[in-house]
Amino acid sequence: MDTIFALSSGAPPAGIAVVRISGPSAGMALELLAGRRPPQRRARMAGLRDGEGVLLDQGLVLWFPGPNTATGEDLAELHLHGGRAVVAAVEAELGRMDGLRRAMPGEFTRRAFANGRIDLAEAEGLGDLLAAETELQRRAAIGLAGGMLSRKVEGWRERLLALSAQLEAALDFEDEDDVGGLPPSFSDEIAALGRDVAEALAAPAAELLREGFRVALAGPPNAGKSTLFNALVESEAAITAPLAGTTRDVLTRPVALAGIPFTFVDMAGLRSDSSDAVEAIGIERAEAEIARADIVLWLGPEGEGPANVWEIEAQCDRADHAAKLAALFRVSAVTGEGLSDLKQALIDEAGRAMPKPGETALNRRQRDLLGEAYDALAGIEGQVDPLILAEHLRQARLAFDRLVGRSSTEDVLDTLFGRFCIGK
């Protein structure tokens, strides 16, 4: 296997640059650069030199013999001065060594998975942690990366194995078509396991956490959508003008409010009499965004919006604004009236939809596999044929195995680890 290397810290210039080396030739690389291997797991100052003895940098070197390392392989770290020229010179020298090459994106983490240091769910959590931009995303990702979901799945798998053992024992002592030897608790344990999986499936979707709680501003032209949009995202992101049809396309802006990720959506004004082909396309896209949104703020005439919208009485600073009898909020993006109350209500609503502390958010792959396991367990109800019972248990166990990566296809792994940066 090749030995890989990469810059694992931030892009230079920086105070310190950390270059990681993983693989069977990591120790040899240390010896060539620093003249010797330092004591394992202890940082030592060393002069790093190229093949002709020219000093490249003076830094700290660390040596971690495998398999008890982050990747499960021999691992070395070089802590360098963080200038671009220093990093480039050290990486160039490493690239000239036999058996060493630059790492691909996510390759360090992929080797950790391949060597059993982490499972697939933990790797997904690590990817989410690297991408986290809000406190809520960080908390959910660190729980997944720390094995919260993996421990649950392992517990469920052990319960499945115990149930399968009970079934096999009953078959050993009973006639082939008679499973009367199963203990009375067998069905109860299947049902309890199914309830636990169903409870996990009720967790919020990771996509909601990753993409943000989606809030769409909708209404006819000149209803004040773009002005309110700018006020909510605290940026002049949308062009505003008194002309009808100024906004012709969908405009999105991700922001964090109280540590919760949001995506606010501004869009074309809705009307049925537009003769402008471009505006008509914008209206069609706006209708799609309304269907996709978690909440729609309706700034148009009261009662004329889609179902389950929040009625907003906008532009309330203007004497000619359209009053609403049952508006949830009266707001003015110009004076700021009602804005703080609207934001707090959005934060409260999004908070109820987001994962609670200690709760795991499931991505689509994880949700699909847990759904397969639940369907297999639910299909056991009323079954008496031992072979059918055994097959349902096997299908549930296979779904658990795929979830944590005991059996995974290469395309799943390529997609996951392709999300990672080089050096991770």
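Analyst: Leu297 stands opposite Trp310 in S11. The model is predicted.

Take the strands first. S10 covers residues 295-298 and S11 covers residues 310-313. The two run parallel, joined by 2 bridges. On S10 there is also a link to strand S7, residues 213-218. Here 4 bridges join the strands, and they too run parallel. In that pairing, Val215 stands opposite Ile295. In general, strands of a sheet pair through backbone hydrogen bonds, either parallel or antiparallel.

Now the side chains of S10. Ile295 and Leu297 point one way. Val296 and Trp298 point the other way. All four are buried.

What does Leu346 touch, leaving aside its neighbours within four places in sequence? Its contacts are Val215, Phe262, Phe264, Ile295, Leu297 and Trp310. That list takes in both residues of the opening pair, Leu297 and Trp310.

The largest nonpolar core has 35 residues. Those touching the most other members are Phe262, Phe264, Leu297, Trp310, Ile312, Leu342 and Leu346. Helix H11, residues 339-353, gives the most to this core, with 6 residues. Another core lies apart from it, with 29 residues, among them Leu149, Ala200, Ala376 and Leu403.

Next, the loops at these strands. Asn308 lies in the loop between S10 and S11. Its phi is near 65°, a positive value in a residue other than glycine. Is Asn308 buried or exposed? It counts as exposed, because its relative accessibility is 76% and the cut-off for exposed is over 50%. Asn222 sits in the loop between S7 and helix H9 (225-233). Its phi is also positive, near 65°, and Asn222 is not glycine either. Asn222 counts as partly exposed, because its relative accessibility is 42%.

For context, turn to another sheet. An open sheet of 6 strands has the order S3-S4-S5-S2-S1-S6, with mixed pairing. Strand S3 (44-49) and strand S6 (100-102) stand at its edges. Each has a single partner strand, so one side of each is left without a neighbour in the sheet. The twist averages 30° from one strand to the next. S3 and S4 run antiparallel, joined by 6 bridges. Met45 stands opposite Leu60 in S4. Helix H2, residues 84-95, packs on the sheet and touches S1, S2, S4, S5 and S6. The direction of H2 makes about 150° with that of S5. Helix H3, residues 107-114, lies across S1, S2 and S6, at about 135° to S1.

Two cis peptide bonds belong to loops of these strands. One joins Pro12 and Pro13, with omega about 5°. Pro13 is in the loop between S1 and S2. The other runs from Gly66 to Pro67, with omega near 5°. Pro67 is in the loop between S4 and S5.

Last, the whole chain. There are 14 helices and 12 strands. Buried residues make up 46% of the 424 residues. Of the contacts with a separation of 6 or more, 61% come from residues 24 or more positions apart.

How values were computed: Residues are numbered from 1 along each chain as its sequence is written. This is a predicted model: local features need pLDDT of at least 70, side-chain atom pairs count only at pLDDT 80 or more; totals for chains, interfaces and linings use all residues. Side-chain values use heavy atoms; hydrogens and water are left out. Buried means under 20% relative accessible area, exposed over 50%, partly exposed in between (1.4 Å probe, protein chains only). Two strands pair if DSSP finds at least two bridges between them. Contact means heavy atoms within 4.5 Å. A nonpolar core is a set of buried Ala, Val, Leu, Ile, Met, Phe, Trp, Tyr and Cys residues joined through side-chain atoms within 4.5 Å. Axes are lines fitted to C-alpha atoms, for helices over the stretch in contact, and angles run from 0 to 180 degrees between N-to-C directions.
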